[in-house]
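This report covers strand pairing, aromatic ring pairs and charges over rings. The sequence and the structure come before the text.

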Amino acid sequence: MRIFIKLLAALCFLRSGISAGQVLINEVMASNDSCLADLDGDSPDWIELFNASAYPADLGGWALTDDPQFPRKWIFPDKILDPGGFLIVFASGKNRSGGPGSELHTNFRLDRDGESLRLLDANGIERDAFRLEPLPVDYSSGRHPDGADNRVIFPQATPGRSNVTDPYSGFAEIPSASLPAGLYPEALTVALLADAGSVVRYTVDGSEPDSFSTLYSAPVRIETSTVLRARAFRSGMLPGPVSSASYIIREKADLPVLSLSTDPDNLFDDDIGIYVEGNGTAMGGYPDNPVGPPANYWEDWERPVHIEFFEPDASGGFSEDAGLVMHGKTTRNLPQKSFAVFFRGRYGMPLLEYPVFEGLAVKRFSSLVLRNAGTDNTVNEGGVHFRDGLAATLISGLD
């Protein structure tokens, strides 16, 4: 009788699917922008579980947490995960674990800068742990193959499916330049340095380097103002982050200098350029009163850009990736147009922290407007480009 009871208990234990190592955190995305949408149309981060056993797993009462102080932070409802099956849990903060056909949403979100996840069974025993490292938007980290011990990076994520896309062990290191970006009185030569085993490719037209860009073999001579952008490539690894450095040559500046670098097509291509008339669906003139040929600059298009800011005395500045859109109304028709720069998590930092405006208490910005002076722009009509600034300065002491 005792043998029979023990066998029955063992069978129930196997069928319950809670033996160690059966259910694993298989793939995680902590910065989801367009990879996977929930039923609300949002794109929250997500966690994929995988049942690596040959038995169904009963997840009722199991827990996920990103905080060791609260090991049972979010509790699974009654849920059976089939052998070899996958389960997506959105890390949205919406806290949903409803009825049939509904999605699972944790009561916490993931930190794109890195953190640790833990999976615990109904008895509070840790079944898996997963360390998240900072990754670009729409990149995931996971196991390859499914359920394996090694952790890799997937540029092409597979939520709810087997991890069969190309895996990478990491990123190549970012190259460094022998001279810092800034203003220089004469031409100069810049060397690019990278870790052993990597090759460096670079551009001087503002575009991000790819595998077809110029191969670095000797220091780069810079005779005129140039943005030098470089990236390291290494076998078995993803291309590293892009280093960007603007070298402003023979330009005296008593005011701060701002440099924008992006692929020229993002501004001037007829199909995708935001600065030109091009082939936009809106029309020139006012958007609601079309006049003239189609104009891309009326479109609500955003393009990636790198922005650098230099103080005139070289005392500080910043260098960040951001998004660039056209700004303004009728002044978009002028040859010189206004830009708005948006700092977003998918580019890098969600906020800029820098005292851009002298004497202003605000030091954190989600966006900046690079204004063409509006109606003070047209020289033929007496435009001098600084009336708004002058007026703001004259009344700055008033309440």
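## Charges over rings

The charged end of Lys337 sits over the ring of Tyr275, 5.6 Å from its centre. Lys337 also lies over the face of Tyr297, at 4.1 Å from the ring centre. A charge counts as sitting over a ring if NZ of Lys or CZ of Arg is within 6 Å of the ring centre and within 35 degrees of the ring normal.

The model is predicted: local features need pLDDT of at least 70, side-chain atom pairs count only at pLDDT 80 or more, and totals for chains, interfaces and linings use all residues. Residues are numbered from 1 along each chain as its sequence is written, and side-chain values use heavy atoms, with hydrogens and water left out.

## Aromatic pairs

A pair of aromatic rings is described by the distance of the centres and the angle of the planes. Rings of Phe, Tyr and Trp (its six-membered ring) pair if their centres lie within 6.5 Å; planes under 30 degrees apart count as stacked, over 60 as edge-to-face and the rest as tilted. By this rule there are 12 aromatic pairs. One of them is the edge-to-face pair of Tyr202 and Tyr216, with 6.4 Å centre to centre and 75° between the planes. Tyr202 lies in strand β18 (residues 199–203) and Tyr216 in the loop between β19 (214–215) and β20 (220–222), so the pair ties together parts that are 14 residues apart in sequence. Helices (H or I, at least four residues) and strands (E, at least two) are DSSP runs, numbered from the N terminus.

Tyr275 and Phe339 form a tilted pair, because their ring centres are 5.6 Å apart and their planes stand at 40°. This pair links distant parts of the chain, 64 residues apart: Tyr275 is in the loop between α2 (264–268) and β24 (303–310), and Phe339 is in strand β26 (residues 338–342). Ring pairs join Phe268, Tyr275 and Phe339 into a cluster.

| Residue | Relative accessible area and class |
|---|---|
| Tyr202 | 16%, buried |
| Tyr216 | 17%, buried |
| Tyr275 | 18%, buried |
| Phe339 | 12%, buried |

## Strand pairing

An open sheet of four strands runs in the order β5-β4-β10-β11, with antiparallel pairing. Strands β5 (74–75) and β11 (126–132) stand at the edges with a single partner strand each, so one side of each is left without a neighbour in the sheet. Two strands pair if DSSP finds at least two bridges between them. Strand β4 (residues 63–65) pairs with strand β10 (residues 115–120) in the antiparallel sense over three bridges. Thr65 stands opposite Arg118 in β10.

Technical notes:
Buried means under 20% relative accessible area, exposed over 50%, partly exposed in between (1.4 Å probe, protein chains only).
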